[in-house]
Amino acid sequence: MPVAIRNARPADMAVVNAIYNAQGIDTTASYGYEPLGEAYWLGWLDDQYAAGRPCLVAEIDGQVVGFAYYTPFRGKQGWALTVENSVYVDARMQGGGVGRALMAALIQQARADGRHVMVACIDAANQISQDFHARPGFELMGVLPEGGRKFGRWLNAAFWIKQLD
């Protein structure tokens, strides 16, 4: 089935919320603890677009099955051209090319936006995500031992980067 990538709309935020809560909160894909709600994502989307940053969704047969975005890596001006990515795919669609299509579109958008480096902070035990980032050319730059904590245990954070220009 072909994957269509487009800019997210407010009507997509209920599905985005469900995917994030399943893939981000219930796993170590995110170090967030609490489920979010659709209202959070609606406000977030407004803020994301007001700042000129993308939120992309992947559709198959008109159904949203994943989303991707980038945010600032750090807050100081010297970091303005470095961004951090996030890619989430409905568990039923993982391994079918949805994530690859989202990542390719996100990298293309970041380049078009004049970004220089894209960073991925990945739980070091998540080999699937690390392999996913290696495919489009991200490189492991280092690991922050016990940099995060979730599910009552310390987590090592692996930092992967991709030069965009």
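Leaving out neighbours within four places in sequence, alanine 29 is in contact with Gln23, Gly24 and Tyr88, where contact means heavy atoms within 4.5 Å. This is a predicted model, in which local features need pLDDT of at least 70 and side-chain atom pairs count only at pLDDT 80 or more, while totals for chains, interfaces and linings use all residues. Residues are numbered from 1 along each chain as its sequence is written, and side-chain values use heavy atoms, with hydrogens and water left out.

Alanine 29 lies in the loop between H1 and helix H2 (38-50), helices (H or I, at least four residues) and strands (E, at least two) being DSSP runs numbered from the N terminus. Its relative accessibility of 38% makes alanine 29 partly exposed, a class between buried (under 20% relative accessible area) and exposed (over 50%), with a 1.4 Å probe and protein chains only. Although alanine 29 and serine 129 are 100 residues apart along the chain, their C-alpha atoms are separated by 8.3 Å.

Aspartate 12, in the loop between strand E1 (4-7) and helix H1 (13-25), is by contrast buried, at a relative accessible area of 6%. Not counting residues up to four places away in sequence, aspartate 12 touches Arg6, Asn7, Val57 and Val64.

E1 and strand E2 (residues 55-60) run antiparallel and are joined by four bridges; two strands pair if DSSP finds at least two bridges between them. The open sheet has seven strands in the order E1-E2-E3-E4-E5-E7-E6, with mixed pairing.
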